Amino acid sequence: MGGAGGRGGNRHDGPVRFLSIQSSVAYGYVGNSAAVFPLQRLGHEVWPVLTVHFSNHTGYGAWRGPLLAPADVAEVIAGIADRGVLGDADAVLSGYQGDPAMGAVILDAVTLVKTANPAAVYCCDPVMGDVGRGMFVRPGIPEYLRDVVVPRADIITPNHFELDFLAGCTTRSLPELLEAVDVVRATGPRHVLVTSVLHGDLPAGLLEVVAVSDEGAWAVTTPLLPINPNGGGDVTAALYLAHLSTTGSPAAALERTVATVFTVLEATLAAGTREIQLIAAQDAIAEPPARFPARRLR
């Protein structure tokens, strides 16, 4: 991803290999259960490492299944290393981190991959909270992500609420948002994708997604759909990482990611289901429709 201003990365012309360390559910689509299929549908290789294996996502209020111990997750990663293939990984992807000990395992994996392949990148979705819900992770996790994890990442995909926390401010305009992104980028990550952006200059009923790199900043505007299902952010992070890896262009990655996710959400809304319609909308994953052009902000 060097062409996109990434740290030590290059654009990939063939399949990309992802080490994805996230949660898993048997029913529905969050974490790896939301990220793996889109990456595979795009023709990439994914090595999913599970941090939990629940019956369903926690948004239902009740679930069953084990939280995997950080030591057990580390053992799985060590087993992959035993195969001598960690250096083949082009990118590490992580999402929700419920415990600093699990975060340490993920960062250790990033170190192992980058030591074996200095061109590899780390994409972190710093899951913490959202507008209207506030912080929904354990106390201390937001600060851990801000101070320890995010500075180690090459790419981060916060929502607007999470960006404001990471930057230590409240942003109400697009210029303020870009300033906040620059504050966070100065701590380490060169690529920032901000989702669910709402600001004072945006007409009602619209939403923006903003991508910023060393090359510049871009925004895509879409209608604001009356739906906010679990797993949408996990799909977004995976798709953006994949498209950035293959195009080397934040603008192209932004357009393709938003087009796919919007189509998936439209299908979910039409189906009236709680779980996102990844399978039904898979054609929009494989070939993102040209729906929402990116405009350059700077």
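Colleague: How many bridges join β1 to strand β2?

Modeller: This is a predicted model, by the way. Strand β2 covers residues 45-54 and runs parallel to β1. Within that pairing, Q22 sits opposite L50 of β2. The number of bridges joining β1 to β2 is eight.

Colleague: And which residue in β3 is the bridge partner of I21?

Modeller: β1 also pairs with strand β3, residues 91-94, in the parallel sense, over four bridges. For I21, the partner in β3 is S94.

Colleague: What hand does the β-α-β unit of β1, helix α1 and β2 have?

Modeller: The unit goes from β1 through helix α1, residues 32-41, to β2. Helix α2, residues 70-82, is another helix to look at here, lying across β1 and β2. As for the hand of the β-α-β unit, it's right-handed.

Colleague: Which strands stand at the edges of the sheet?

Modeller: The sheet is open, with nine strands in the order β2-β1-β3-β4-β7-β8-β9-β10-β11 and mixed pairing. Each edge strand has a single partner, so one side of it is left without a neighbour in the sheet; these strands are β2 and β11.

Colleague: At about what angle does helix α8 run to β10?

Modeller: Helix α8 spans residues 250-271 and lies across β8, β9 and β10. Its angle to β10 is about 15°.

Terms used: Residues numbered from 1 in each chain as written. Predicted model: local features only at pLDDT ≥ 70, side-chain atom pairs only at ≥ 80, totals over all residues. Heavy atoms only, no water. Pairing = 2+ DSSP bridges. Helix = DSSP H or I, 4+ residues; strand = E, 2+ residues; numbered from the N terminus. Right-handed = clockwise from strand over helix to strand, strands pointing away. Contact = heavy atoms within 4.5 Å. Axes fitted to C-alpha atoms, helices over the stretch in contact; angles between N-to-C directions.
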